[in-house]
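Biologist: Hi! Could you walk me through the salt bridges in this one?
Modeller: Happy to, here it comes.

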Amino acid sequence: MLIGITGSICSGKHTTAEYLVQHHGFLRLHLPTPSQLQPLPNHSSADSNGTSEEARAQFLPSVTDQKGTRGLTFPDVDSLLEFVTKRWREHWVLTDIYDEATLELLLRRPFFLLLNVDAPVGVRYQRFCERCRRRSLTPLPLEVFIYHNDLQLYGSRSLASSSSQSTTNSPPRSTASATGTIHLLARSHVQIFNAHPTLEAYHSFLATLDLPSPIRLRPTWDAYFMTLASLASQRSNCMKRRVGCVLVHNARIISTGYNGTPRNLTNCNEGGCARCNSASSGGSALSTCLCLHAEENALLEAGRERIREGSVLYCDTCPCLTCSVKIAQVGVKEVVYSQGYNMDDATRRVLKEAGVGLRQFIPPKSGLVGFSIDDSEGTELVVRNGTKLNY
């Protein structure tokens, strides 16, 4: 497994990589950093190469596993992939992904997972200042920190302030453009919001994600069919709720369905169902609803003769009572759902009496995770009172 991690300055990208090294036996891999993303010089202490040792020290990650101290370094992504492909069952982590061409090559491999780590700029600047103080360095002003952050994300050095600024720490004016990393964010499998005030709290949160799980690389049948059910729901035209459904037998799809008005009737979202378009409360005026449910459409599409013994129905929402009696009638063996509904107990009783299994499947957390955290008050104190952040 190869986990790639992108993230803003002081978001916790290297901390996340170090967590995988320490707690899950991963080994760091490195690629060269593009010159346009290197820290810009501090004019008062630039070396012969035009780069400041102090600037480099300010932007080095806090974790002990800095580039060159452990892990393996490769000249390009092709040689890195050749190495990992032969050892894909081992655990590797890479934080040096800077352009879309590199990411495209990585995403082609079935053993690659991409994470993005981010945090509010105020939290990240507090972490940056604390890191500089631990190194006996003077932190850059917030304006210059934001400039470096924008340069990394958006890649345009024209973001620098006007040449009239002459302070030592002011970024130099330039019209050169560089590749930014903002376009990589949308490709990430998991986006981690890291406003945790301590390293321990962040590690505890990461433990809940089970990042090395093989399910994240190749979904189980449950995850696969539930994803297809969710995709089918995007075709729904019902004004009340989107629902999708997949009917399978022996891991083979028999039919799919989504809710909406019957064939040749005006779509619900075009005014075809007066009940749905009148904002009726849930469970009321059901007899006037013209919409077929996702489960009904899947069953009708399959037909009784195709619903063989042992068929399983996947639905992204627990079936209602009306659909449950039809599911029992056609001989479905099991119903798997992901989201609850307002009549789950009644549905459970009917299906149990009919000998039909009912279980909930909750897929691994993906997309944006960690945004609603219990320590939000502690995070606010970090920003307001400058509480020390140890990562």
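Modeller: First the term: a salt bridge is a side-chain nitrogen of Lys or Arg within 4 Å of a carboxyl oxygen of Asp or Glu. This is a predicted model, where local features need pLDDT of at least 70, side-chain atom pairs count only at pLDDT 80 or more, and totals for chains, interfaces and linings use all residues. Residues are numbered from 1 along each chain as its sequence is written, and side-chain values use heavy atoms, leaving out hydrogens and water.

Biologist: Which residue pairs with glutamate 334 in a salt bridge?
Modeller: Arginine 359 does, with the closest N and O atoms 2.6 Å apart. Glutamate 334 sits in strand β10 (residues 334-339) and arginine 359 in strand β11 (residues 357-360), 25 residues apart, so the pair links distant parts of the chain. Strands (E, at least two residues) and helices (H or I, at least four) are DSSP runs, numbered from the N terminus.

Biologist: Is glutamate 334 buried or exposed?
Modeller: Glutamate 334 is buried, at 17% relative accessibility. Buried means under 20% relative accessible area, exposed over 50%, and partly exposed in between (1.4 Å probe, protein chains only). Arginine 359 is partly exposed at 30%.

Biologist: New topic: how many salt bridges does the structure hold?
Modeller: Nine. Among them, lysine 326 bridges to glutamate 296, with the closest N and O atoms 2.2 Å apart.

Biologist: Where do lysine 326 and glutamate 296 lie?
Modeller: Lysine 326 is in helix α11 (residues 321-330) and glutamate 296 in helix α10 (residues 294-302), so this pair ties together parts 30 residues apart in sequence.
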